[in-house]
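Open the model in your viewer and keep the selection panel at hand. This tour goes from stop to stop, saying what to select and what is there.

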Amino acid sequence: MKIKKVLVANRGEIAIRIFRACTEINVKTVGVYTFEDRYSLHRYKADESYQIGEDNAPLKPYLNIDEIIRVALETGADAVHPGYGFLSENANFAEACENNNISFIGPKSKAIRIMGSKLAAKEAVKAYHIPMVPGTDEAISDIPKAKKLAKEIGFPILIKASAGGGGKGMRVVEKEAEFESQMNRAISEATSAFGDGSVFIEKYVRAPRHIEIQIMAD
């Protein structure tokens, strides 16, 4: 199916780059913006743009799945590009697009649900006996319990957001005295960035070698 109109569910430079790519292949674009972003450049780079959310919510509307789907349907957008951050790793958003016959430019909701959550990804690879960094197998928010587990793992430890990446909701804790404040900060950051405050704990590995393979398919 040829895509004719794309709604970009993001803001700023991310959205502008996607608008430019769409323009180069003659695909119409729809932008969304909050009241605080009403003078942002990305609003004017789309073929048509619409405000989402209330006037006093600078970023939260970009996480509002129902609102973004509503704009996509009302404008006749047949695809949604999430950019990165915000809802890009949200399986519920991808599923909402699928349920409304809107192409989600990214993985299927099933793949995001498994690999978009670091905890679900860890669970998925267990069956293949892949060695993993010592840590918790489930999300945790009970600070006394989390502190006990951190001591068992051994400091330094890393608190990580389950629902996203990019360093958001990630805190290195060198010693027990810092644990509670860093745990609260990680949960707060994860909630703001991904709408999900789930965090887990892993042993912090100093100076690791990161090997990553990117796979793309049509």
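How many bridges join strand β6 to β7, and do the two run parallel or antiparallel? Select residues 157–161, which are β6. There are 3 bridges between β6 and β7, and the two strands run antiparallel. This is a predicted model.

**Stop 1**

Pick out Ile159 and Arg171 together. Arg171, in β7, is the bridge partner of Ile159. The open sheet has 3 strands in the order β7-β6-β8, with antiparallel pairing. Select 171–173 for β7 and 199–203 for β8. Both stand at the edges with a single partner strand each, so one side of each has no neighbour in the sheet. From one strand to the next, the twist averages 25°.

**Stop 2: helices across that sheet**

Keep β6 and β8 on screen. Select residues 118–126, helix α6. This helix lies across β6 and β8 and runs at about 55° to β8. Next select 143–153, helix α7. Helix α7 also lies across β6 and β8, here at about 20° to β8.

**Stop 3: a helix pair**

In general, two packed helices are described by the angle between their axes and the distance between the axes. The crossing of α7 past α8 is right-handed. To see the contact, show side chains on both helices. From α7, select Ile143, Ala146, Lys147 and Ala150. From α8, select Phe179, Glu180, Met183 and Asn184. By class, the contact has 5 nonpolar, 1 polar and 2 charged residues.

**Stop 4: a cis peptide bond**

Where does Pro156 sit? Its place is the loop between α7 and β6. Select Phe155 with Pro156 and check the backbone. The peptide bond from Phe155 to Pro156 is cis, with omega near 0°.

**Stop 5: the largest pocket**

The largest pocket holds about 2,000 Å³ of space. Which residues come closest to its centre? Select Glu89, Met115, Lys118, Glu212 and Gln214, the closest of the 45 lining residues. Elements giving two or more residues to the lining are α5 (109–115), α6, β6 and β8. Of these, α6 gives the most, with 4 residues. Colour the lining by class: 25 residues are nonpolar, 10 polar and 10 charged.

**Stop 6: the parallel sheet**

Clear the selection and move to the other sheet. Strands of a sheet pair through backbone hydrogen bonds, either parallel or antiparallel. Here 5 strands form an open sheet in the order β3-β2-β1-β4-β5, and the pairing is parallel. Select 48–51 for β3 and 103–104 for β5. These are the edge strands, and each pairs on one side only. Next select 79–81, strand β4. Strand β4 is joined to β5 by 2 bridges, and the two run parallel. Zoom in on Ala79: its bridge partner in β5 is Ser103.

**Stop 7**

Finish at Asn26. This residue lies in the loop between α1 (12–24) and β2 (28–33). Check phi at Asn26: the value is positive, about 60°, although Asn26 is not a glycine.

Notes. Residues are numbered from 1 along each chain as its sequence is written. This is a predicted model: local features need pLDDT of at least 70, side-chain atom pairs count only at pLDDT 80 or more; totals for chains, interfaces and linings use all residues. Side-chain values use heavy atoms; hydrogens and water are left out. Two strands pair if DSSP finds at least two bridges between them. Axes are lines fitted to C-alpha atoms, for helices over the stretch in contact, and angles run from 0 to 180 degrees between N-to-C directions. Contact means heavy atoms within 4.5 Å. On a 1 Å grid over the protein atoms alone, a cavity is a set of points where a 1.4 Å probe fits but cannot get out, and a pocket is an open set with protein on both sides within 12 Å along at least five of seven lines; lining residues have an atom within 4 Å of a point. Grid points are joined across faces, edges and corners, and a volume is the space filled by probe spheres set on the points. Ala, Val, Leu, Ile, Met, Phe, Trp, Tyr, Cys and Pro count as nonpolar, Asp, Glu, Lys and Arg as charged, and the others, Gly among them, as polar. A crossing is left-handed if the near helix is turned anticlockwise from the far one by less than a right angle, and right-handed if clockwise.
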